[in-house]
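This briefing is meant to be read beside the sequence and the structure, moving from one topic to the next. Please keep both in view while reading.

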Amino acid sequence: MTTFAEILFSMKKILILLALFILPLSATAFSLSGTVRDAENGETLIGATIKVVGKTTTATSNEYGFYSISLPQGKHQIIFDSFGYRSDTLHITLDANLHRDIALRTHAEQLQELVVSSVKNNDNVVNSQSGVQRMDIKEINRLPVLFGEKDIIKSVQLLPGVKSSGDGSGSIFVRGGAGDQNLILLDEATVYNASHLMGFFSTFNSDAIKDLSLYKGTQPAQYGGRLSSAMDIRMKEGNNEQMELNGSLGLISSKLSIEAPIKRGKSSFLVSGRRTYADVFLMASDKYRGTKLYFYDLNLKANYRFSNRDALFVSGYFGRDKLGLKDIAGIDWGNATGTLRWNHIFSSKLFSNTSLIVSNYKYEVLVNFSDMEFEIKSVLTDYNFKQEFQYYAGEKHALRFGLDVIYHEILPGEVSGSGIITRKLQNQRSVESALFISDEWKLSKRLSINAGARLSGFSVLGGDDFYRFNAEGELLETTYYNRSDIVKNYFTLEPRLNSVFVINDANSLKASYTRNAQYLHLLSTSTSSSPMDKWFASDNNVRPSTANQYSLGYFRNLKKNAYETSVELYYKTMANLVDYRDGADIVFNDLVASQLLSGVGRAYGAEFFIKKKTGKLTGWISYTLSRSEKKIEGINNGRWYVARQDKTHDIAIAASYDLNRKVNLSAAWVYSTGNAVTFPSGKYSIDDKSIWLYTERNGYRMPAYHRLDLSVNIKLKQRKHYESELSIGLYNAYGHENAYAINFEENPDDPNRTQAVQTSLFRWVPSVAWNFKIK
């Protein structure tokens, strides 16, 4: 039987033929195309603006730095600009297609406050994409964070519509979605667990990252597989002009990066490593000697540009956490990803990217008692092929189309060792595939739309027993399928629509609609992320989740684009959401589907945002008012109940102030409604044993969460080839004891009374780090 994946692979030739067929369709204009780079290090610039003086024609560079703009024959003045860079002007006489690579230089330090770009920086107003946030890595590096370790995930949590579950969690909740409903990509590879040390750090070393884009509204058609958001993180390519060494030495972690040309101007590499060393300090104590408590990660990337038309990139990420109590017990987990990417420019209008990607997530638990030694492990591996084309048809149309095929293989759990019987949960094999197309269409000077669609499919593959249950979760039938059998096929059409009406250069209205499907799900027993949370695939019992989101926004810039403001409203409906039955048993249960129920959900809210981008004082204020609910027969008597990630109020204030040329002060304050939790409503006694009574699912709240973080960054010696900086921070400056967990237990003095015991993780956490750069 032909699988959906095989059909898509056969479509690759059709896509190429289609691209070559439409290539000559816009012969009425010539094209100016090329790549925009940083003049100092050769890095491609994402989102650089290209504007034609005297015309409304504009373009932006794509995620690989490539741009293409269609113009009539004649003389033109073109301005290239990117935030934080000096604009560059190109004078051309166009009588044929023209290729020009552009190198932009950063603003000189002493001129940063005085230079005003000749191109209006109002992309947030005129761009048709709504619900998208791009974060500057330099901006992230100034924000105060835990232990002084710059963290892009923690920084994203300060944006409107994005919420954290609190201390000790690396999860983000976007517009009412759960933590597993976010697609996190590192150089196109899926990262399934984006946290270190139980959520205290993210897996992303900011020294290796170039760009981050978060799509929380309508995801572009090339993204799929998650209901709530897509976070596209791009690694640096490496300095192809000169060798550069970056490093940081902190109280509990250090990192070192080296980037250099392999062949100047044509190829380069990047190696960036990071490790914590809390375990080194524990060795000083006899009580904790032999205890493991650390993580490490390594980012690698290399590229080679064969010509103006062809470039090859290879990148990888390897990260691991290790926690252990001497030789008694331990847990380690980590991600590994690899991406091989080929960029090819067919013509000034047609750009192609072909990617081969592998992603792996694995955790292991080791237990060693006197008479028993065993290991628990779980593994998820993806093999991914992606072919994408971008076709710049003319002044009014920019098309993007392609295919995406992922082979998933999941080992949910296996127990093996001496003194026990080896148990292995059912292996899950599946193929997730999609065809996608979108068009950025400028209907008029004021109205633009981005319309597209994604046809996704999911094939559940055989090779094991498959079960069928009744409504009460009782096993009805067991059927064995061969590895070559297809157990179940699912198909979903996912339309995407963004629109913008530009009132004037400073004001616009945006509206969008999106439909998303999710075929992989995460089983978790807590609101905070855990390395032992289990991913599982849709099968003959668990259907794919779907979501429809509608959003409307008003965007306004003030004082010549120095301030960005926006108000966005959204409403999301969801179907086939999974939750546990009351009293569910999922620990090493091969019939885990029998413990699950599915139903519908809804999320709605309003997001308010104001950002100051220029001057000595920069920063933003965000506020989100929202609600997220589920309705599942068999839970809460079939009534609506709030989801665990529901937080009514969420406020974030981030500010950075340049005291002078050497000293920068930063602060961040957050407040949010406490997490929704299920607490016991009472208790009863059986045989002198107390049994907790639970009634309403997620019917209680943790205490409200709030925290102030402070930091000061002091520039030390500055030389032509060397610079350094001292970063001093204080996490939770006013020492509020936020609740990490609340447990209920009997009062030791009166068993008839119950007491609640709160656990808090951090009160005051100071940090010091020395950062340096040599080039």
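Strands, like helices, are taken here as DSSP runs numbered from the N terminus (E, at least two residues, for strands; H or I, at least four residues, for helices), and two strands pair if DSSP finds at least two bridges between them. This is a predicted model, in which local features need pLDDT of at least 70 and side-chain atom pairs count only at pLDDT 80 or more, while totals for chains, interfaces and linings use all residues. Residues are numbered from 1 along each chain as its sequence is written, and side-chain values use heavy atoms, with hydrogens and water left out.

- Strands of a sheet pair through backbone hydrogen bonds, either parallel or antiparallel.
- Strand β12 (residues 182–186) runs parallel to strand β17 (residues 229–235), and five bridges join the two; Leu186 stands opposite Ile233 in β17.

**Nonpolar cores**

- A nonpolar core is a set of buried Ala, Val, Leu, Ile, Met, Phe, Trp, Tyr and Cys residues joined through side-chain atoms within 4.5 Å, where buried means under 20% relative accessible area, exposed means over 50%, and partly exposed lies in between (1.4 Å probe, protein chains only).
- The largest such core has 63 residues, and Phe204 and Ile233 are those with the most contacts inside it; its largest share, four residues, comes from strand β24 (residues 350–368).
- Leaving aside neighbours within four places in sequence, Phe204 is in contact (heavy atoms within 4.5 Å) with residues including Ile184, Leu186, Ile233 and Arg274.
- A second, separate core of 19 residues includes Leu45, Tyr67, Tyr85 and Ile102.

**A loop with positive phi values**

- Most residues other than glycine have a negative phi.
- In the loop between β36 (545–558) and β37 (563–580) sits Lys559, whose phi is near 50°, a positive value in a residue other than glycine.
- Asn561 lies in the loop between β36 and β37, and its phi, near 70°, is a positive value too.
- Lys559 counts as exposed, at 66% relative accessibility, whereas Asn561 is buried, with a relative accessible area of 13%.

**Leu509**

- Leu509 has its place in strand β33 (residues 507–518), and with a relative accessible area of 40% Leu509 is partly exposed.
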